[in-house]
Amino acid sequence: MRIGAHVDSADPLAEAAVRGADAVQFFLTDPQKYNSPKPREDADLIRAAEVDVYVHAPYIVNVASPNNRIRIPSRKLLMAHARAAAELGAKGLIVHGGHVGSGADLAAGFVNWRKAFEYAESEGGLPLPILIENTAGGDNACARRFDDLARLWEAVGGFGAGFCLDTCHAFAGGEDLTGIVDRVKSITGRIDLIHANDSKGGFDSGQDRHDNLGNGKIDPELVVAAIRASGAPAIVETPGGVEGQSADIALLRERAGN
């Protein structure tokens, strides 16, 4: 069972080592800017490491948006980050499900997601799996409610899209964590990664505020159960730096590994 953490990108292998992590996730650029990744001097070391590597796309990426000035740069940025992540031997590129904005037709967002995959194919194809992540907030989000997730998967499932289940996002988004793996797999057929996070916000609050396991509103045994049922690797995106994340990794390794 591979368990790790989201860490600073400056030296992700060192960050993994001090946490005792089997896996690591990081950004390649500022997550709030449309910056294309640059080659990393430690690329050879990252590719050769025994640690599993995941890259998170910038938060600003929203390929579902009806706004051309957001959607088209997002498609290009997603492709650039996919190529850069593949150069590092990453097992997947995580990207949020996106939204269409207040008053817009959510159906357009699913169409735009399909067009993003079609664009990628026209550019030579995706060099690694794109793992779409469920989100916590927004009533016009493509991957908050699982009935909407089903509509999204009708649009992108045929392109080989993967799925990243965030426990905080699901709980805050109004989805019961009991039996959640079976419900997700009935829609997507797969769970490639778990973001194992507690939630500062309450159930269905729409608040994307992560907490350390056992400190927030989620029973940690529900997070453990999701990891066990999915068989997927887990990444904690929790606060507290080395100390906080190391404790979360240790908890999951002890309880989910049994």
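**Close-up views of a predicted model**

**View 1. Arginine 255 and its salt-bridge partner.** Arginine 255 is partly exposed, at a relative accessible area of 31%. In this predicted model, its side chain meets that of glutamate 221 in a salt bridge, with 2.7 Å from N to O. Glutamate 221 sits in helix H8 (residues 220-230) and arginine 255 in helix H9 (residues 241-256), so the pair ties together parts that are 34 residues apart in sequence. Glutamate 221 is partly exposed as well, with 36% relative accessibility.

View 2. Arginine 144 is buried at 6% relative accessible area, while aspartate 204 is partly exposed at 35%. Look for Arg145 too: salt bridges with shared partners join Arg144, Arg145 and Asp204 into one network.

**View 3. Arginine 40 with aspartate 42.** Among the 13 salt bridges found in the whole structure, this one joins the side chains of arginine 40 and aspartate 42 at 2.8 Å, N to O. Arginine 40 counts as partly exposed, with 21% relative accessibility. Aspartate 42 has a relative accessible area of 18%, so it falls under the 20% limit and is buried.

**View 4. Aspartate 44 in helix H2.** Helix H2 spans residues 43-48 and includes aspartate 44. This residue is exposed, at 52% relative accessibility.

**View 5. Strands of the barrel.** Follow the order S1-S2-S3-S4-S5-S6-S7-S10 and you will trace eight strands closing into a barrel with parallel pairing. On average, neighbouring strands of this sheet are turned by 30° against each other, direction ignored. Leucine 165 has isoleucine 194 of S7 as its bridge partner.

**View 6. Glutamine 25 between two histidines' side chains.** Glutamine 25 belongs to strand S2 (residues 23-26) and is buried, at 0% relative accessible area. Its side chain makes polar contacts with the side chains of histidine 6 (2.8 Å) and histidine 195 (2.7 Å). Beyond its neighbours within four places in sequence, glutamine 25 is in contact with residues including Tyr54, His56, Ile94 and Glu237.

Key: Residues are numbered from 1 along each chain as its sequence is written. This is a predicted model: local features need pLDDT of at least 70, side-chain atom pairs count only at pLDDT 80 or more; totals for chains, interfaces and linings use all residues. Side-chain values use heavy atoms; hydrogens and water are left out. Helices (H or I, at least four residues) and strands (E, at least two) are DSSP runs, numbered from the N terminus. Buried means under 20% relative accessible area, exposed over 50%, partly exposed in between (1.4 Å probe, protein chains only). A polar contact is a pair of N or O atoms within 3.5 Å; within protein, one must be able to donate a hydrogen and the other to accept it, and residues adjacent in sequence count only if both atoms are side-chain atoms. Contact means heavy atoms within 4.5 Å. Two strands pair if DSSP finds at least two bridges between them. Axes are lines fitted to C-alpha atoms, for helices over the stretch in contact, and angles run from 0 to 180 degrees between N-to-C directions. A salt bridge is a side-chain nitrogen of Lys or Arg within 4 Å of a carboxyl oxygen of Asp or Glu.
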